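Reader: I would like to take a close look at one part of this model, the surroundings of its ligand, and I would be grateful for a careful account.

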Amino acid sequence: MTARPTGSSAFADKSAEAPAPSFSRRTLLAGAVGAISATLLNNASALPAQTKGPVPSPPALDDPGKLQGHIPTELGERSPFEHPRRRVNRAAPAGESESPLQELYGTITPADLHFERHHGGVPVIDPARYTLLIHGMVERPLKFTLADLKRFPTVSRVCFIECSGNGYRGFQTTTMKREATPSWIDGLLSTSEWTGVSLATLFREAGVKPDAKWFLAEGSDAAHMTRSIPVEKALDDAIIAYAQNGEAIRPEQGYPARLLLPGWEGNTQVKWIKRIELAKNPFMTREETSKYTDPLANGTARMFSFVMDAKSLITFPAYPDTVSRGWCVITGLAWSGRGKIARVEVTTDGGNAWESAELQPPVLSKCTTRFRHLWKYAGGEAVLMSRAIDETGYVQPTRAQLAAARGEGTFYHMNNIRGWKVERSGKVFFHVEG
Ligand SMILES: Nc1nc2c(c(=O)[nH]1)N[C@H]1C(S)=C(S)[C@@H](COP(=O)(O)O)O[C@H]1N2
Ligand SMILES: [Mo]
């Protein structure tokens, strides 16, 4: 048995996992637990009555000021009253989990709630043995260790990552349902502050040849995810990211390093990146021919559909909320892979009248923006919808407009206007017009 004095509390997980072991000071002193540090023993003997760690916290007091609080710990944890969780959609190596959009505030996704999408599971990579190879049409093929990458000037950027398939449940009538939460509809979307080295810097080191217009990015996971990316994007704003929200990137997000392509479809942002090969033409990998290509109604296909178009989603009120009469702050997220969100419009009457919502700063390029709109619910039925307009003037389309442009057979890039139907009882259900 190992006891983790600063680790997860017994409240940490409601999953099927075995609860964290509990221990008493007596068993500690009796030496029942082998690897206990001197610090813990010191702390343990000084434990105030209200403690935390593997011992369940006592119930909240009427007056918390009557008791000393718990002592400082090495690693923080959430309040035992808060349980935000990702919804695991497919518990398989080729699986995914969704960010609980309806439980988050502002725009940043806590790293342990960032959505996950992987095709061959999360590999375990020793950072000491990690390398990134840049070769092909370059003057000097180079292999960088993680330490090498960290020696270059760092760049940080707050931006979203959205899976290319995010939101098909808000378009495909076969999968759409009324009992759909925001995360079920659009939870393959998360926002972080990413830090790393600009790919342009590495390309300058290697000396990319003028004829090289594309590069292959390859991951070191079992899926060997490979995508072809235009060199132009590397020179614009691509990052080899090794940090996420101030700490080393999470294993699920690509530890120790991933390709970050702000505003582009999630699939291109190769995690656990090990190799970049420069070439004249795209490599036509499986992920860009058989997958991540959008079939169109006329029998042709949209390939290399990299940019995520502007989209918005109301995250409150939403299924399974119930609204009561009176003032209600409608809130949600809007984002565009083409730049900043310029405006978000909200309707509460099914699209007859649209009003501009307030954008809550910061409003960043290729990043989620929080919006809110004050609404007086007078009772009865209502249909709430939002539409995003980005700085290029692009307007989030209706389902009918998107279907007219792309047909019904498309699975990726489903950014049509979505909303919520408030029933007479005040109960809220997912809703898409036309
Ligand atoms: N190496 C590798 N990179 C990958 C994937 C993968 O399976 N393997 N999945 C891709 C897909 S489909 C998406 S949507 C994003 C998801 O990034 P996240 O898991 O950090 O949210 O990573 C992309 N990069
Ligand atoms: Mo994806």
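Which residue has an N or O atom in its side chain that is 3.2 Å from an oxygen atom of ligand 1?

Author: That residue is H114, whose side chain places an N or O atom 3.2 Å from an oxygen atom of ligand 1, a polar contact in the sense of two N or O atoms within 3.5 Å. The model is predicted, so that local features need pLDDT of at least 70 and side-chain atom pairs pLDDT 80 or more, while totals for chains, interfaces and linings use all residues. Residues are numbered from 1 along each chain as written, chains are lettered from A and ligands numbered from 1 in written order, and side-chain values use heavy atoms, without hydrogens or water.

A polar backbone atom of H119 lies 2.8 Å from an oxygen atom of ligand 1, and a polar side-chain atom of D221 is 2.7 Å from one of the ligand's nitrogen atoms. Of the accessible area that ligand 1 has on its own, 530 Å² (Shrake-Rupley, 1.4 Å probe), the protein covers 100%. There are 20 residues around ligand 1 (a heavy atom within 4 Å), and those that come nearest are F115, H119, D221, R258 and K271.

Among the strands (DSSP runs of E, at least two residues), β3 spans residues 116–118 and runs antiparallel to β2, to which 3 bridges join it, where pairing requires at least two bridges.

Notes: Polar contact = N/O pair within 3.5 Å; in protein donor to acceptor, adjacent residues only side chain to side chain. Helix = DSSP H or I, 4+ residues; strand = E, 2+ residues; numbered from the N terminus.
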